[in-house]
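Hi there,

Here is the structure I promised to pass on. Please have a look at it first, and then read my notes below.

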Amino acid sequence: MLVKEENMDIAKISKGCKERGLDELFKLLSPLARNAIRIDTQAKNDDDIAVGASKFGGLPDLPDGLSWPSNENGALSFVAQINFAEASKFDIDSLMPKSGMLYLFYDRNLRIWGYDPADKNGFAVIFSDVNNGLLSRRRAESLEGENSTFNARLLSFENEINLPNLQSSIVPFSKISEAEWEAYHEVIESSWQAKENKLLGHSDNVQDGMELECELIANGLSCGDGSAYHHPRIAEFEKNVAQWQLLLQIDSDDEGDMDWDGEGRVYLWIKRDDLAARDFSKTWLILQTS
């Protein structure tokens, strides 16, 4: 079983800010706090995980009639399935469905980063409202090479509260001085370095904020060369960043084989309106590494 690392809670962050004279910065960030669902993982033989249980890796439990997603490289690797009947018990804000399954697949050969609209064919997010009794464990016949299966991890959930990372697109960067930035980093460094998988809340960014990137991509713009951030409509796009909600964050697993380019993280983002409508077709994946 993976060792559970302690993530700094709001009270500790408040205390650390006060000790460093960052009261005003904490006042700026605290209204942006969000409820999150921490995911802890336990290594298991896939055969010992019940059909329909939330898990990373192994083989997916799919309803009849749902095809295994693929692209020009063949079948995608199965990454995760989240049983909302399990996870929604910890969803304080009732943002997620109360039942159904969320599936994530990824092309490990293509290894997309999510900065270009064309990256859409490198992953697949599927929502199914079929209940456990109609699911069966499935194997993809064409899964070869890098696109092989990950080791299975059984998931468990608990509540926590997140403050946004200072690189988040929703944080007013211009109001934070360099000295405040450096002092605040000392407060949250242990939290930032801790391994964490989660649903909802705020992303633990390895690089820059992703909300604006998601909005630009949703409008058909590539963020590969930075030109999208100087688009004539950039002010309009910036107004929409608060609509983007972290749906799922998956960290690299030091003890397993789910490493995202070493020490990276995979993030799934969704617009709040789409989440409320249970429309996961526009969910966007971003990979960040140090």
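**Notes on the model**

Trp68, Phe78 and Phe105 are linked into a cluster by ring pairs; rings of Phe, Tyr and Trp (its six-membered ring) count as paired if their centres lie within 6.5 Å, and planes under 30 degrees apart are called stacked, over 60 edge-to-face and the rest tilted.

Before going further, a word on the source. This is a predicted model, in which local features need pLDDT of at least 70 and side-chain atom pairs count only at pLDDT 80 or more, while totals for chains, interfaces and linings use all residues. Residues are numbered from 1 along each chain as its sequence is written, and side-chain values use heavy atoms, with hydrogens and water left out.

**Confidence**

The chain has a mean pLDDT (the predictor's confidence in each residue, from 0 to 100) of 90, and 92% of its residues reach 70 or more. Residues 1–6 have pLDDT below 50, and this stretch has 14 contacts in the model beyond near neighbours in sequence; a contact means heavy atoms within 4.5 Å. Where pLDDT is low, the predicted coordinates should not be read in detail.

**The sheet**

An open sheet is formed by 10 strands with antiparallel pairing, in the order E8-E7-E6-E2-E10-E1-E11-E12-E13-E14. Its edge strands, E8 (123–128) and E14 (284–288), each pair on one side only. Helices (H or I, at least four residues) and strands (E, at least two) are DSSP runs, numbered from the N terminus, and two strands pair if DSSP finds at least two bridges between them.

**Aromatic pairs**

The structure holds 10 aromatic pairs. Phe90 and Phe157 form a tilted one, 6.2 Å centre to centre with 45 degrees between the planes. Phe90 is partly exposed at 25% relative accessible area, whereas Phe157 is buried at 12%; buried means under 20%, exposed over 50% and partly exposed in between (1.4 Å probe, protein chains only).

Phe127 and Phe280 also form a tilted pair, at 5.0 Å and 35 degrees. Phe127 lies in E8 and Phe280 in the loop between helix H7 (272–276) and E14, 153 residues apart. Phe127 is partly exposed at 26%, and Phe280 is buried at 4%.

**Nonpolar cores**

A nonpolar core here is a set of buried Ala, Val, Leu, Ile, Met, Phe, Trp, Tyr and Cys residues joined through side-chain atoms within 4.5 Å. The largest has 51 residues, of which Val79, Leu104, Leu199, Ile250 and Trp260 touch the most other members. Not counting residues up to four places away in sequence, Leu199 touches residues including Ile82, Met96, Phe157 and Leu247. Apart from that core lies another, of 14 residues, among them Leu29, Val171, Ile176 and Ile188.

**Backbone**

Ser94, though not a glycine, has a positive phi of about 55 degrees. Ser94 lies in the loop between H3 and E7 and is partly exposed at 43% relative accessibility. Arg111 also has a positive phi, near 50 degrees, and is in the loop between E7 and E8.

Best wishes
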